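Here's a walk through one model, starting with its pockets and moving on to a few local details. Have the viewer open as you read.

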Amino acid sequence: GDYVNIHTTRERLTVYGTMKDLETKLPNRDFARIHRKYIVRLDRIVAIEADAALLGTNPAVGAARMPVRVPIGSSYKAGLLARLNVI
């Protein structure tokens, strides 16, 4: 119950803790909670489609992959769009 998966460009890590704890430890200027299950790095968002964010990979790591689709929770959407200066 209290485990969080962290996906990097190279690996997936499982750490003991909660999303709330992780959210308070990450720098607010670089990360945003967009769903009860997802916190994303803002500079990885390449597009917003309806209720999902498309996350691109770091081009310095290697070959570009297809963007990853991550849902945006309805209670997080307005805050995310405001931070991205979309609205």
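Lining the second largest pocket are Glu23, Leu26, Asn28, Phe31, Ala32, Arg33, Ile39, Tyr76, Gly79, Leu80 and Arg83. A pocket here is an open set of points on a 1 Å grid over the protein atoms alone, where a 1.4 Å probe fits, with protein on both sides within 12 Å along at least five of seven lines; lining residues have an atom within 4 Å of a point. Strand S3 (31-35) and helix H2 (74-83) are the elements that give two or more residues to this lining, and H2 gives the most, with four.

Before going further, some ground rules. This is a predicted model, where local features need pLDDT of at least 70 and side-chain atom pairs count only at pLDDT 80 or more, while totals for chains, interfaces and linings use all residues. Residues are numbered from 1 along each chain as its sequence is written, and side-chain values use heavy atoms, with hydrogens and water left out.

What lines the largest pocket closest to its centre? Of its 29 lining residues, those are Ile6, His7, Thr8, Ile39 and Leu55. S1, helix H1 (19-25), S4 and strand S7 (68-71) each supply at least two residues of the lining, and the largest share, five residues, comes from S1.

| Pocket | Volume | Lining by class |
|---|---|---|
| Largest | about 880 Å³ | 13 nonpolar, ten polar, six charged |

The volume is the space filled by probe spheres set on the grid points, which are joined across faces, edges and corners. For the classes, Ala, Val, Leu, Ile, Met, Phe, Trp, Tyr, Cys and Pro count as nonpolar, Asp, Glu, Lys and Arg as charged, and the others, Gly among them, as polar.

Zooming out, the protein has two helices and seven strands, in the order β-β-α-β-β-β-β-β-α along the sequence. These are DSSP runs numbered from the N terminus: helices are H or I with at least four residues, strands E with at least two. Of the 87 residues, 26% count as buried, where buried means under 20% relative accessible area, exposed over 50% and partly exposed in between (1.4 Å probe, protein chains only).

Now for the aromatics. Rings of Phe, Tyr and Trp (its six-membered ring) pair if their centres lie within 6.5 Å, with planes under 30 degrees apart counted as stacked, over 60 as edge-to-face and the rest as tilted. That rule gives one aromatic pair. The ring centres of tyrosine 3 and tyrosine 16 are 5.3 Å apart with the planes at 75°, so the pair is edge-to-face. Since tyrosine 3 sits in strand S1 (residues 3-7) and tyrosine 16 in strand S2 (residues 12-16), the pair ties together parts that are 13 residues apart in sequence. Tyrosine 3 counts as exposed at 55% relative accessibility, and tyrosine 16 is exposed at 65%.

Arginine 44 is in the loop between strand S4 (38-41) and strand S5 (45-49) and is partly exposed, at 23% relative accessible area. Its C-alpha lies 5.1 Å from that of leucine 55, eleven residues away in sequence. Alanine 50 is in the loop between S5 and strand S6 (52-55). Its phi is near 50°, a positive value in a residue other than glycine; most residues other than glycine have a negative phi. At 59% relative accessibility, alanine 50 counts as exposed.
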